Amino acid sequence: MSGAGEGLAPDATVVVVGASLAGLRAAETLRSEGHRGPLVVVGAEEDFNYDRPPLSKQFLAGAWGLDRIRLRPPDKIDALGLDLHLGRRACAVDVDGRRVHLDDGATFDYDGLVIATGAHPRTLPGAEAATVARTLRTLGDATALAGVLDAAPAGGVRVVVVGGGFIGAEVASTCAGRGAQVTVVEALPTPLGRVLGEAVGAACAQLHRDHGVQVLTGTGVDAVTATPAGAAQVRLSSGATLDADVVVVGIGVVPSTAWLERSALHVDNGVVTDAALFAADQVVAAGDVCRWAEPRLDGEHVRLEHWTNAAEQGVHAARSLLAGRRHAEPFDTVPYFWSDQYDVKIQMLGHPRPDDDIVVVEGTGSLDEGRFVALYGRGGRLAAVLGFGRPRQLMGYRPLLVAGASFDQALAHRP
Ligand SMILES: Cc1cc2nc3c(=O)[nH]c(=O)nc-3n(C[C@H](O)[C@H](O)[C@H](O)COP(=O)(O)OP(=O)(O)OC[C@H]3O[C@@H](n4cnc5c(N)ncnc54)[C@H](O)[C@@H]3O)c2cc1C
């Protein structure tokens, strides 16, 4: 057993709960940094070795099969020597007793614990909605949705996407690319307006419309019901109805923390950690479930739902555990996110806020052009940079974010 705040002994037992990107990166890092002790990995899904971003893109489009979306080749996973428990769910943790409980009654004692249970989709209320409205998070979800598109009648399947956030937008884009008739229903006046600001959100909405997708904004969904013919009807808060062969709900995710609720850990919109990702001595968190004290925001606690963040935090959480709380370094990196919609790669560096000063600096200075770089300024500093179909130019601004440049310096910069 390792002492409070001290690093893990090389033969200590580590339990990782959540077997996906962050959990796997943590396990790999423990091994690559010399940890020889038992590595127990518990994951609720039967198939854990797959990547989620392609599920709404190439996999749903039918362009990539399962072999292309593996996180790692199977022999690399075998080489980690994991004690894998898949299709099994943790239901509690006793932090003082250093023991994880599974809902089938099993328990695992640990010297170090990695919490990497990610997030799961929010669903529409109502029993009927649950049967006819799909969400997209897992390989099973994507396979089932692709099956509906494959079986589409001539003239295309009618898809209603509830929610114009990133997942909804990618589903709309991929379904439209497969010849579906797509309608996006967004409760806010502008899709993504609360994340990227109104003007950039409007550019995202225009991108949909340019590709023949109908975007209905400022309207919620009151009900989704099944029709006798096996289709669905979506009743909008405006009173209008939409007929659909398939309804996909993309209204955000919630961190998967139910199993931690009665623990001594601080759970509040995720597992709350310090800057080095410790939720308690010998307990670290990583990925979509983790709300850490972000040094780049003066220690404000934030939770991100980004692939790169989950991958980097998985690595960092493992290093923190090995170093021990007393010696661990803060997780301090510039956040990165991308989304592929139609023929445009949307990328974001940093922490944007909708009320930031937003200035278009690449392109013709106008969002209408369809390809641009926008700078987000807050309190005189560069807070974030968005690239809309401008990958090379975007990355030219990264050093400024790393250095904490002023907004004026960023405006004067030409990458
Ligand atoms: C369709 C889709 C497209 C995406 N596209 C992009 C993109 O283009 N760009 C981008 O930056 N990000 C994208 N993301 C987000 C990115 O995939 C996530 O940020 C990343 O998967 C988070 O990894 P994670 O390991 O933290 O959590 P997750 O991937 O959510 O994995 C957590 C795992 O823990 C398991 N689990 C949960 N509770 C328990 C429990 N109690 N016991 C045991 N196991 C449990 C879950 O079943 C799951 O397997 C996308 C996500 C989706 C779903």
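Helices (H or I, at least four residues) and strands (E, at least two) are DSSP runs, numbered from the N terminus. The model is predicted, so local features need pLDDT of at least 70, side-chain atom pairs count only at pLDDT 80 or more, and totals for chains, interfaces and linings use all residues. Residues are numbered from 1 along each chain as its sequence is written, and side-chain values use heavy atoms, with hydrogens and water left out.

The secondary structure of the chain comprises 12 helices and 27 strands. The chain has a radius of gyration of 22 Å, close to the 22 Å given by the globule rule for 415 residues, so it is as compact as a globular protein of that length. Here the radius is taken over C-alpha atoms, and the rule is 2.2 Å times the number of residues to the power 0.38. Along its principal axes, the C-alpha trace spans about 60 × 60 × 40 Å.

Of the 415 residues, 53% count as buried. Buried means under 20% relative accessible area, exposed over 50%, and partly exposed in between (1.4 Å probe, protein chains only). The chain exposes about 17300 Å², and carbon and sulfur atoms supply 49% of that area. Accessible areas come from the Shrake-Rupley method with a 1.4 Å probe; for residues, only the protein chains shown count as cover. Contact means heavy atoms within 4.5 Å. Among contacts between residues at least 6 apart in sequence, 62% join residues at least 24 apart.

Helix H1 covers residues 21-32. Its 12 residues reach 16 Å from first C-alpha to last, close to the 16 Å expected at 1.5 Å a residue. The expected span is 1.5 Å times one less than the number of residues. H1 is mostly covered, with 10 of its 12 residues buried. Among them are Leu21, Leu24, Arg25, Glu28 and Leu30. The cover over the buried residues of H1 includes strand S1 (14-17), strand S2 (39-43), helix H3 (74-79), strand S7 (112-115) and H9. Just after H1, Gly34 takes a positive phi of about 100 degrees.

Helix H6 spans residues 166-177. Its end C-alpha atoms are 16 Å apart, which agrees with the 16 Å that its 12 residues should span at 1.5 Å a residue. H6 is also mostly covered: 9 of its 12 residues are buried. These include Phe166, Glu170, Val171 and Cys175. Gly179 follows H6, and its phi is positive, near 90 degrees.

Positive phi values also occur at residues other than glycine. Leu192 has a positive phi of about 65 degrees. Leu192 sits in the loop between strand S11 (181-186) and helix H7 (193-196). At 6% relative accessibility, Leu192 counts as buried. Gln282 has a positive phi of about 70 degrees. The loop that holds Gln282 runs between strand S19 (278-280) and strand S20 (283-285). Gln282 is buried, with a relative accessible area of 2%.

A further loop residue is Phe331, placed between helix H9 (307-323) and strand S23 (336-341). Phe331 is buried, with a relative accessible area of 4%. Leaving aside neighbours within four places in sequence, Phe331 is in contact with residues including Ala275, Leu277, Trp292, Pro295, Glu312 and His316. The C-alpha atoms of Phe331 and Leu375 are separated by 24 Å, and the two residues are 44 residues apart along the chain.
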